[in-house]
Amino acid sequence: MQLNHRLAPLHLLPPPVFTPWTGSLVDSHRGTISRKHGEDIALPLPLFWYDPPWYQITMEQADNLAVAVGELDILVTAMHSDLSGPQTESMFHAGRMVEPEDSDNSPTHRRYRRIVPYRSERYGLTVTDFDAADVVDLRLMMARDVSGRFAYSPAQIQRWEAAPATSPIAGGGWVPAATFPPDVASMQHLKSKIDQIRRLSESAAVFVSMGPYRMGDELPKLLAAEPDGLILRLDEIQLEGLELAAITRRARQMMNAEKCSEMPLWVVPGAITPDDAVKLVALGASAVAIDDWCNNLVMQTRDSQTTSMAATKLDAAHKYDPRWGDFVKDHLGELTDRFLGLFESLQSVSENERLGSFSGTWAKVLGVEGLR
């Protein structure tokens with residue numbers, strides 16, 4: 001288990017002495033996403049994989065890996081073009097039939113919860129991506145690639161556009177990212193865009209993602225557009241633990257001030273431990289991205305190209321190789337179990353007594369209990 005806790009000076013407090021203890025809670029982690037229009041969406045586990053580098057592995061590997069992570073009730077970001085080609089179907093998107101243990105029962109259809117990334121330039125996005133989506137993430141923040149450019153690599157574009165290796169788009173060079181969605185002329189037009197996405201994906205909650213740089217000015221304007229949720233990207237900059245905690249706390253306080261206390265706030269924090277993730281929830285986050293944990297699965301898959309599992313292809317019946325599930329559980333099981341145990345423990349402590357710090361600076365900045 002990871003031991004480098006970024007929020008180590010912040011402590012999850014137990015109930016006060018002599019507090020009646022009733023034991024573990026049942027299904028306390030099962031929450032919902034309330035939508036402005038339409039039914040609520042179940043959120044079994046407040047963890048999500050925000051920005052998987054699918055292009056680094058084959059489509060078959062990516063599809064198997066997405067399914068294996070989805071089996072743990074983690075929301076996964078993926079377009080059809082990330083996981084399948086024009087002539088193939090993704091098992092992650094189509095779901096799969098699960099045979100019951102009891103032969104008297106009928107097989108059940110297992111679907112996987114997913115996030116659709118609606119980037120400003122919409123590379124690789126198709127109309128079918130909106131079908132049965134759980135969350136559509138309208139990404140207003142222009143993200144940097146690993147090179148530092150506001151652009152996408154040839155490998156990414158080749159995957160999204162299904163271009164043959166012999167005919168790379170843009171001559172094999174970097175393709176610039178758009179500065180703002182062309183169909184959104186200004187912040188004042190954002191609400192109409194959100195409404196349009198709601199019509200395109202009637203099943204999904206529409207979230208808007210943003211960075212922390214101009215939060216005081218931009219966050220109230222985004223909330224005025226009435227999205228179903230907000231995603232705060234804190235993964236592209238090197239933040240000290242106190243900065244990460246303070247920005248999360250401030251975002252939730254600003255949402256409360258704008259009368260959006262019930263709106264989900266999802267945080268993409270970069271490298272964290274399960275303890276850090278639960279502390280972010282206690283600070284006001286509704287769900288936390290675990291890209292640091294999941295991206296490691298991609299790297300290990302990429303580095304294991306010669307193994308039989310890494311070379312596994314899906315057949316027409318979408319049969320799932322259980323070795324992928326074992327692979328993911330071996331790497332994520334201890335982390336998600338630790339998160340879930342700590343998360344459930346929060347329910348036994350009132351919200352204003354969940355966090356404390358022996359550091360006067362941390363206690364003052366975050367407005368939590370000072371311990372002594």
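Two strands pair if DSSP finds at least two bridges between them. Strands, like helices, are DSSP runs numbered from the N terminus (helices: H or I, at least four residues; strands: E, at least two). In this model W49 stands opposite V76 in β5. Strand β4 (residues 47–49) and strand β5 (residues 75–77) run parallel and are joined by two bridges.

The model is predicted: local features need pLDDT of at least 70, side-chain atom pairs count only at pLDDT 80 or more, and totals for chains, interfaces and linings use all residues. Residues are numbered from 1 along each chain as its sequence is written, and side-chain values use heavy atoms, with hydrogens and water left out.

**The barrel**

Eight strands form a closed barrel with parallel pairing, in the order β4-β5-β8-β9-β12-β13-β14-β15. From one strand to the next the twist averages 25 degrees. Helix α5 (residues 190–200) packs on the sheet and touches β8 (114–118), β9 and β12; contact means heavy atoms within 4.5 Å. The direction of α5 makes about 150 degrees with that of β9. Such angles run from 0 to 180 degrees between N-to-C directions, and the axes are lines fitted to C-alpha atoms, for helices over the stretch in contact.

| Strand pair | Sense | Bridges |
|---|---|---|
| β4 and β5 | parallel | two |
| β9 and β12 | parallel | five |
| β12 and β13 | parallel | four |

**Strand β12**

Six of the six residues of β12 (residues 205–210) are buried, that is, under 20% relative accessible area with a 1.4 Å probe, protein chains only; exposed is over 50%, and partly exposed lies in between. V208 is the bridge partner of L138, and F207 has G229 in β13 as its bridge partner.

**The cores**

A nonpolar core is a set of buried Ala, Val, Leu, Ile, Met, Phe, Trp, Tyr and Cys residues joined through side-chain atoms within 4.5 Å. In soluble globular proteins, nonpolar side chains tend to be buried together. The largest core here has 90 residues, and W54, L65 and L219 have the most contacts inside it. Helix α10 (residues 322–346) gives the most to this core, with nine residues. Apart from this core lies another of 15 residues, among them L43, Y50, L75 and I231.

Leaving aside neighbours within four places in sequence, W54 is in contact with residues including W49, L65, V76 and R159.
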